[in-house]
Amino acid sequence: MENEELFFCGDFSHALDTQFRVTLPSAWRCGEGDPHLVLFPGRDNDLLLFPYSMFREFLIRARSSALANPATQAALAQIGRVVRDIRPDKQGRIKLEKEMLAAIGVEKELMMVGAITHIKLCAPDNWNPVELGDAGVFLDEVQKLNSNDADGLSILMSKLTGKG
């Protein structure tokens, strides 16, 4: 299992405990330990959890341009202000901040949605799954990804900076 690529699929409804923790579904955990994740505020009243390995690619590129570029420094300061390092405990629970949950409308219940490369966290009222028969529009987006020369990091950066 150590050489397998981690991906996330399925959707799960979970209750938060009194300390604002939620357990990652067992299907999303690694055999020898839980994944190291990075939490970003999303654009659609959601929070996004990315594997640290994906974020590490972003860090490598950021280091190479941050020293010489004031705009990059400012953008990194804003990103650094809102991202969170998430490490599940031994039971696979992750702790979330009350303020971040309130900002996306989560009080007690949380939807955890596998978005293949990352995990989407949102209030149950903000999750609107598409019926299987209506999935064509999403397949069109997958086709665009497959024909696009941009790598995953470029796509992540465009999502974070709002330029894409």
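## Salt bridges in the model

The model has five salt bridges. A salt bridge here is a side-chain nitrogen of Lys or Arg within 4 Å of a carboxyl oxygen of Asp or Glu.

This is a predicted model, where local features need pLDDT of at least 70, side-chain atom pairs count only at pLDDT 80 or more, and totals for chains, interfaces and linings use all residues. Residues are numbered from 1 along each chain as its sequence is written, and side-chain values use heavy atoms, with hydrogens and water left out.

## R84 and E97

One of the salt bridges joins the side chains of R84 and E97, at 2.6 Å from N to O. This pair links distant parts of the chain, 13 residues apart. R84 sits in strand β5 (residues 84–86), and E97 lies in the loop between β6 (93–95) and α3 (98–103). Helices (H or I, at least four residues) and strands (E, at least two) are DSSP runs, numbered from the N terminus.

How accessible are the two partners, R84 and E97? R84 is partly exposed, at 27% relative accessibility. E97 is partly exposed too, at 31%. Buried means under 20% relative accessible area, exposed over 50%, and partly exposed in between (1.4 Å probe, protein chains only).

## D85 and R87

D85 and R87 also form a salt bridge, at 3.0 Å from N to O. D85 is partly exposed, with 47% relative accessible area. R87 counts as exposed, at 56%.

## R93 and D89

The side chains of R93 and D89 meet at 2.7 Å, N to O, in another salt bridge. R93 is partly exposed, at 24% relative accessibility. D89 is partly exposed, with a relative accessible area of 24%.
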